[in-house]
Amino acid sequence: MAPAEGGLQVARVDSDGSPGTVDWWSTADAAERMAEQERDRPRWVWADTRALYAGVLLHSVRLERCSDLRLSHAILAGSTYASVALPVEADGPWAEGEAVATDFEPTLLDRASGGAEISLEEVVVEHRRQQQTVHAAQESGRLRLLLAAESAGALIAAEMRHTGLPWSEQIHDRQLTAALGARPLCGGRPARLEALVAQIREALVAPSLNPDSQSELLRALRSHGVGADTTRQWELERLDHPVIEPLLEYKKLARLLSANGWVWMSTWVRDGRFRPDYVPGGVVTGRWATRGGGALQLPRQIRAAVTADPGHRLVVADAAQLEPRILAAMARDEQMAKASQGHDLYQALVDEQVVDTRAHAKVAMLGALYGATSGEAGHLMPRLVKVYPRATGLVEQAARCGERGEIVTTWLGRSSPPPSAGWHQVQRRASEIDAGAGDQRNARRQARDWGRFTRNFVVQGTAAEWALCWMAGLRRRLRAMAGDAVGPELVYFLHDEVIVHAPAALTDQVVSAVHEAADEAGRLMFGAFPVEFAITVACVDNYAQAK
DNA sequence: ATCCATAGCGCC
DNA sequence: AGGGCGCTATGGAT
């Protein structure tokens, strides 16, 4: 049956696994039917949660579970766990970056194109194909968990956008005014910025200098003998000249104005809610991205604007030192797992006399995860290797794989992209008989760069999987808490941190749920291995009060 | 007018 | 000479 204009193509799989198919002719109709059928706890199967769920949410219908075929396809097409891989498609409905047609008005920023119409038949066929791929895969249990978590994440992303992050325009405006001066009426710079520009121009004797232009600024700095090679903050900080102080202040404030000033506020905040466009799986490692609004880069400066509604609190929870804990679990490193059995893994390294200070512990651990070879981190590495051979061995091995151009895979089965054709070409060139020293240097550098990427990929990617499991478990608990009333709601997610907006009376329950969900995520992914995932929780009225 | 690369800085 | 991003402004190219 051909899809009608605007039809919502969605299949239904019942909890006993038996497939049923349905066909509805409008989102309004579909939302109503789906709401009725939720009591059977089906898993809804559709092409693209991002494109389709928003329309359902507009009818105040929330769904418990789904299978997002686009996100699942992307994982399965790349996964080394799937021995019979799905084809990687350059175009067609399941290709990377393809948008699915929506039948509702996007609230902000229009989609560039209408996107592809996908028929119900295509949805059913693709779902069956994915099921078979998972069934035939090694580690099918892990893959199944990953696809479920990824799809739950897609539901959460759409729900968070629908709900929005509580945002006080008044507080935001007050902060901007305090930092920058009053909002200028028709563009132009606020008073405080204008004053700084005057100071900078005077100090450099450049009456018409525009400090927003790097090249202009650099020329002025040079011709005035300030001795700067770049206009980077950390370079300027080292110089001694009267212009430095106002210049650094200007750059800081100009950044605030352009990235999160009044224009940003009027673009992204409506009716006291900030609604960013989350993109689950938007990063190669599986982390989320955002499109517009910069929701994952909310500067600390303005976090006070995130405020709970009257009678509500924000439960801000973050996973403490998530990546080292993930590494310990992946590597089955008993010794490092021991360090995880407390709230502060870095301090545990000091207590175990692995390193002498907490700062060193942090530098060393991040160095291991990112592949530092020199400086303080490089210096501390032998210590870490000696005490934690399994954990450090795992990231080393991932790095070596990358250097050889091989693919690495996260714990649950998301695989790294292969290096580009250009990368391979550079490596081939270096092994040719007439290769010069430059060719070899270049090849080694690129190999090491890719090794650092794959080294970090396995840990960052697995941490992203843990975070999805954590959120999915938290979401389930929050739904149970709500009953029929408006309950606590997930309103923000940032890699290893969530914010729940909760009625004040329920905050204790939410805090418990956050901890329970973290334990559950650890068990789901790593079974009984004794690694702990410590959570830091703050119940606050505004985001700035946390941490 | 529109696209693209780069610098710079925000977050984890 | 540490991984992953998004966003803005700039400036050159088309």
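Helix H4 lies across strand S1 (10-13), S2, S3 and S4, and runs at about 40° to S1. Helices (H or I, at least four residues) and strands (E, at least two) are DSSP runs numbered from the N terminus. Angles run from 0 to 180 degrees between N-to-C directions, and axes are lines fitted to C-alpha atoms, for helices over the stretch in contact.

This is a predicted model: local features need pLDDT of at least 70, side-chain atom pairs count only at pLDDT 80 or more, and totals for chains, interfaces and linings use all residues. Residues are numbered from 1 along each chain as its sequence is written, while chains are lettered from A and ligands numbered from 1 in the order in which they are written.

**Overall build**

- Chain A has 20 helices and 13 strands.
- The radius of gyration of chain A is 26 Å, close to the 24 Å that the globule rule gives for 547 residues, so chain A is as compact as a globular protein of that length.
- That radius is taken over C-alpha atoms, and the globule rule is 2.2 Å times the number of residues to the power 0.38.
- Along the principal axes, the C-alpha atoms of chain A fill a box of roughly 75 × 65 × 50 Å.

**The four-stranded sheet**

- This open sheet has the order S2-S1-S3-S4, with mixed pairing.
- Strand S2 (19-21) and strand S4 (66-68) are the edges, each with a single partner strand, so one side of each is left without a neighbour in the sheet.
- From one strand to the next, the twist averages 30°.
- Strand S3 (residues 43-46) pairs with S4 in the parallel sense over three bridges; strands pair if DSSP finds at least two bridges between them.
- Valine 45 stands opposite serine 67 in S4.

**Helices H3 and H4**

- H3 (residues 69-78) and H4 (residues 120-136) pack at an angle of about 35°, with axes 11 Å apart.
- Their crossing is left-handed, meaning that the near helix is turned anticlockwise from the far one by less than a right angle.
- From H3, Leu69, Ser72, His73 and Leu76 meet Val123, Glu126, His127, Gln130 and Thr133 of H4; contact needs C-beta atoms, placed from the backbone, within 7 Å.
- By class, this contact has three nonpolar, five polar and one charged residues.
- Ala, Val, Leu, Ile, Met, Phe, Trp, Tyr, Cys and Pro count as nonpolar, Asp, Glu, Lys and Arg as charged, and the others, Gly among them, as polar.

**The three-stranded sheet**

- A second open sheet has the order S5-S7-S6, with antiparallel pairing.
- Strand S5 (165-166) and strand S6 (269-270) stand at its edges with a single partner strand each, so one side of each has no neighbour in the sheet.
- S6 and strand S7 (residues 273-274) run antiparallel, joined by two bridges.
- Arginine 270 stands opposite arginine 273 in S7.

**Around DNA strand C**

- The surface divides into 10 nonpolar, 18 polar and six charged residues.

**Around DNA strand B**

- 16 residues surround DNA strand B, and Thr231, Arg232, Gln233, Gln297 and Pro299 are the closest.
- H10 provides the largest share of this surface, three residues.
- By class, the surface near DNA strand B has three nonpolar, six polar and seven charged residues.

Notes
A residue is near a molecule or strand if its C-beta atom, placed from the backbone, lies within 6 Å of it. Two residues are in contact if their C-beta atoms, placed from the backbone, lie within 7 Å.
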